[in-house]
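Reader: I would like to learn how to read a model like this one. Please take the features one at a time.

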Amino acid sequence: MHSHHSHSVDYVAHGVDSLEDIVARAVKMQFKLYCLTEHMPRLDPKYLYPEEITGKSDIDLKTLQMKFRGFLKHASEIKKRDYSTKFIIGTEVEGCDTRHIAYAKELMGQNSEVLQFCIGSMHHVNGIPIDFNQEEWLKALEVAGNNLKQLVIDYFEQQFIMISELKPLVVGHFDLFRLYCSKDVFIDTNSGQRVEHTHPAALCAAEASFIDLWPEVKSLALRNIKFIASYGGLIEINTSGLRKKLRDPYPGREFAILAKSVEGTRFVLSDDAHGVAHVGVCYNEALAYIDKVIQLDRLHFIEDTSGNIGVNSISVEDLKSQPFWNRYNAVLQGDSR
Ligand SMILES: [Zn+2]
Ligand SMILES: [Zn+2]
């Protein structure tokens, strides 16, 4: 079993458990591959999360730099240990603007002996975080003219700039904008404009099928998916969506099925853990999703062969019969005792 994406409280403010504890859990669960992928530092105080702000932004930005250096050192030490789990080190890139995209390239170059790949992610739209809380997400919606269609268009346009520039091996949580599509937010199905729930064309945002409603969104998503396939990028099925009580992991079924229809699309699996309880979280549900909803035959994973990163795959049938699942259930039951 594999996970291509994780964090820890040692190196990110919203983490839950230490990197050592997360690593120990991944080993205990008998993961074959577990990727350690802390966030790259952000350069501009406007992208700091509320929980990172102390009032002295130069110090806050320096803290991010210091933590990232600490992560590189610590993860390198872990990698050298003789575990049955293989650890691959990467970084989760912030695709928020061109300056950060250029900086991501620079970081990958400067630390090429440690960082073996990157996850290309978008956490901000028009400078506002869309994954922090409902309030911030609503602010992002407001900046997009209180129009959900526009928010999603802006997200995919910025994602395209990031993937074009960086060609990240893994594309993180492809449709993260879904996280706070709340059932309390209503939109006009035609225009995407936020409306009162009494509006005749009102639809609650949590139920919006972006692809069916808006052909522009579909074509931008399709463009991005085709581009990812063209350079050999991998789309992660990220179970943090399920952990955060969405119906599906990222990408949700409409985008996952759209991606599957594109020749060359390859999916990998990630838990995006921030704590011990997140390691392998909802992998049983994700397996059902992969098997029954997207109906994939194969799942891909990255591999480190003498320092070179490659991509391999396993059939979903073989994945289902891995001894991992016996261990998985035992470890989860151990948790609830
Ligand atoms: Zn992320
Ligand atoms: Zn992450």
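Author: Start with the elements: helices (H or I, at least four residues) and strands (E, at least two) are DSSP runs, numbered from the N terminus. Leucine 19, for example, belongs to helix 1, which covers residues 19–28. This is a predicted model, in which local features need pLDDT of at least 70 and side-chain atom pairs count only at pLDDT 80 or more, while totals for chains, interfaces and linings use all residues. Residues are numbered from 1 along each chain as its sequence is written, and chains are lettered from A and ligands numbered from 1 in the order in which they are written.

Reader: Which residues does UniProt list for the PHP domain?

Author: UniProt positions are given in the numbering used here, feature names are shortened, and annotations may be inferred rather than shown by experiment. The unreviewed UniProt entry lists "domain: PHP" at residues 4–240. Over that range the chain is 41% helix and 17% strand, and the end C-alpha atoms lie 12 Å apart.

Reader: Is leucine 19 buried or exposed?

Author: A residue is buried if 20 or more other C-beta atoms lie within 10 Å of its own, exposed if 12 or fewer, and partly exposed in between; the C-beta atoms are placed from the backbone. Leucine 19 counts as buried because it has 22 C-beta neighbours inside 10 Å.

Reader: What does leucine 19 touch?

Author: Two residues are in contact if their C-beta atoms, placed from the backbone, lie within 7 Å. Leaving out residues up to four places away in sequence, leucine 19 touches Ser8, Asp10, Tyr11 and His74. Between the C-alpha atoms of leucine 19 and glycine 120, which are 101 residues apart along the chain, the separation is 21 Å.

Reader: How do helix 3 and helix 5 pack?

Author: Two packed helices are described by the angle between their axes and the distance between the axes. Axes are lines fitted to C-alpha atoms, for helices over the stretch in contact, and angles run from 0 to 180 degrees between N-to-C directions. Helix 3 (residues 98–110) and helix 5 (residues 148–166) pack at about 25°, with axes 10 Å apart. Helix 3 is therefore roughly parallel to helix 5. As for the word, angles under 35 degrees count as roughly parallel, over 145 as roughly antiparallel, 65 to 115 as roughly perpendicular and the rest as oblique.

Reader: Is the crossing of helix 3 and helix 5 left-handed or right-handed?

Author: A crossing is left-handed if the near helix is turned anticlockwise from the far one by less than a right angle, and right-handed if clockwise. Helix 3 passes helix 5 in a right-handed crossing. Ile101, Ala104 and Lys105 of helix 3 make the contact with Ile161, Met162, Glu165 and Leu166 of helix 5. Sorted by class, this contact of helix 3 with helix 5 has 5 nonpolar, no polar and 2 charged residues. Here Ala, Val, Leu, Ile, Met, Phe, Trp, Tyr, Cys and Pro count as nonpolar, Asp, Glu, Lys and Arg as charged, and the others, Gly among them, as polar.

Reader: At what angle do helix 5 and helix 7 pack?

Author: The angle between helix 5 and helix 7 is about 15°, and their axes are 10 Å apart. Helix 5 is therefore roughly parallel to helix 7. Their crossing is left-handed. The contact residues include Val152, Phe156 and Phe160 of helix 5 and Leu220, Arg223 and Phe227 of helix 7. By class, the contact of helix 5 with helix 7 has 10 nonpolar, 3 polar and 4 charged residues.

Reader: Where do helix 7 and helix 9 cross, and at what angle?

Author: The axes of helix 7 (residues 215–230) and helix 9 (residues 253–260) come within 10 Å and cross at roughly 50°. The two helices are therefore oblique to each other. Helix 7 passes helix 9 in a right-handed crossing. Ala221, Leu222 and Ile225 in helix 7 meet Phe255, Leu258 and Ala259 in helix 9. The residues of this contact are 6 nonpolar, no polar and no charged. Leucine 222 counts as partly exposed because it has 17 C-beta neighbours inside 10 Å.

Reader: Which peptide bond is cis?

Author: A cis peptide bond joins tyrosine 250 and proline 251, with omega about -15°. Proline 251 lies in the loop between helix 8 (240–243) and helix 9.
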